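Open your viewer and get ready to click along. We will go from one selection to the next and look at what turns up at each stop.

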Amino acid sequence: MRCRRHLERRQKKVRSHLKLYFCDEHVIPLPPGHKFPARKYRLLRDLLATEGNFDFEPAPLADPETIALAHDPRYVRSFLDGSVERQAMRRIGFPWSPELVRRTLASVGGTLSAADDALALGVGGNLAGGTHHAFRSEGAGFCVFNDIAIAIRKLFRHRRIERAAVVDLDVHQGDGTALLFEDEPAVLTLSVHGGANFPFRKQRSKIDVDLRDGAGDAEYLMALDQVLPRVFDFEPRIVFYQSGVDALASDKLGRLALTHEGLRRRDEMVLSRCESAAIPVVITLGGGYSEPISLTVEAHANTFRTAARLW
């Protein structure tokens, strides 16, 4: 049965390019010296556009009712209309602006669209998203709404899947995602992250791997190889891959020591298992704070290059 589903999925994947959703046209006004690398999103799209393996589509804006499947409607309304408290925005790390609202809605919309693509074609990609620090009633760490949680809730609401897995390999624990699904047996959350890094108050994922500061390729890949089988033993009907690249040794906020080759092998481990098991996968971007910014952009590009090769 699994072989037949795999063949049918392969037959449906008759396309030459991997579609990627983007929202970099929504420019966030930030104060000078702000540490959020907003430029990386357009730089990444520009780089991938030179390679001929990708199609790009502007991400649609998510609607408030869908966002409220994972978030308190009062929090959703207050952010959208600008009445959100200043303290709440300080925790998020951005000044409120209409541009931020549009950018946030498009980031969520990209993941929702990528989930539809994944179910239809095996893989979907969002050149944004992965905002895993957002909780039900508040945001944090540059994350306003939790796009992955929203997408899973929508798929459940419409009974399109019975089980989902989140493979979060950002260097910072996916604390918002972990808490949102802590008591949800139909969602497996895996987070491999720096144990001494932000957030300093960790939540409980279904599987947590805390790495020491300075961990490099060998230690990281061994740890990932030990826990990935548990994700696929769960038999999810879709995998959401938070593919942050802030584990690079050059990352200002990462505190790990991975190389570009180590991250490429990490992506290969996750994505090849999804492809071989015929499990749809949604790729979201996550963090990356290296200087120069080209190091972050190259690492993100490698993730989507790997997906394009496999599919």
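Start by selecting Phe-36 and Phe-142: both are buried. Keep in mind that you are looking at a predicted model. The rings of Phe-36 and Phe-142 form an edge-to-face aromatic pair, with 5.1 Å from centre to centre and 65° between the planes. Now colour the loops around them. Phe-36 sits in the loop between E1 and helix H2 (39-49), while Phe-142 sits in the loop between E3 and helix H7 (147-157), so this pair ties together parts that are 106 residues apart in sequence.

Tyr-289 belongs to the loop between E8 and helix H11 (293-310), so to speak a distant part of the chain: 147 residues separate it from Phe-142. Are Phe-142 and Tyr-289 buried or exposed? Both are buried.

Ring pairs link Phe-36, Tyr-41, Phe-94, Phe-142 and Tyr-289 into a cluster. In the structure as a whole there are nine aromatic pairs.

Arg-103 lies over the face of Tyr-41, 4.5 Å from the ring centre. For a second example, select Arg-45 and Phe-22: here Arg-45 lies over the ring face of Phe-22, at 3.7 Å from the ring centre.

**On to the sheet**

Switch to a cartoon view. In what order do the eight strands of the open sheet stand? The order is E2-E1-E3-E8-E7-E4-E5-E6, and the pairing is parallel. Go to the edges and you will find strand E2 (54-58) and strand E6 (207-211); each has a single partner strand, so one side of each is left without a neighbour in the sheet. Ignoring direction, neighbouring strands are turned by 15° against each other on average.

Now look at what lies against the sheet. Helix H9 (residues 217-233) packs on it, touching strand E4 (164-168), strand E5 (187-194) and E6, and the direction of H9 makes about 175° with that of E5. Helix H2 lies across E1 and E2, and runs at about 145° to E2.

**A closer look at E3**

Select residues 123-126, which make up strand E3. Val-123 and Gly-125 point one way from E3, Gly-124 and Asn-126 point the other way, and all are buried. Turn to the neighbour E1 (residues 18-22): E1 and E3 pair in the parallel sense over two bridges. Pick Tyr-21 and look for its bridge partner in E3, which is Asn-126.

Then turn to E8 (residues 281-284), which runs parallel to E3 and is joined to it by three bridges. Which residue of E8 is the bridge partner of Gly-124? That is Val-282. Gly-125, in turn, stands opposite Ile-283.

**Last stop: the nonpolar core**

The largest nonpolar core has 102 residues, and among those with the most contacts inside it are Phe-145, Ile-152, Leu-190 and Phe-304. Select helix H6 (residues 98-121) as well, for it gives this core its largest share, ten residues. To finish, zoom in on Ile-152. Leaving aside residues up to four places away in sequence, Ile-152 touches Ala-164, Val-166, Phe-181, Val-187 and Phe-240.

Note on methods: Residues are numbered from 1 along each chain as its sequence is written. This is a predicted model: local features need pLDDT of at least 70, side-chain atom pairs count only at pLDDT 80 or more; totals for chains, interfaces and linings use all residues. Side-chain values use heavy atoms; hydrogens and water are left out. Buried means under 20% relative accessible area, exposed over 50%, partly exposed in between (1.4 Å probe, protein chains only). Helices (H or I, at least four residues) and strands (E, at least two) are DSSP runs, numbered from the N terminus. Two strands pair if DSSP finds at least two bridges between them. A nonpolar core is a set of buried Ala, Val, Leu, Ile, Met, Phe, Trp, Tyr and Cys residues joined through side-chain atoms within 4.5 Å. Contact means heavy atoms within 4.5 Å. Rings of Phe, Tyr and Trp (its six-membered ring) pair if their centres lie within 6.5 Å; planes under 30 degrees apart count as stacked, over 60 as edge-to-face and the rest as tilted. A charge sits over a ring if NZ of Lys or CZ of Arg is within 6 Å of the ring centre and within 35 degrees of the ring normal. Axes are lines fitted to C-alpha atoms, for helices over the stretch in contact, and angles run from 0 to 180 degrees between N-to-C directions.
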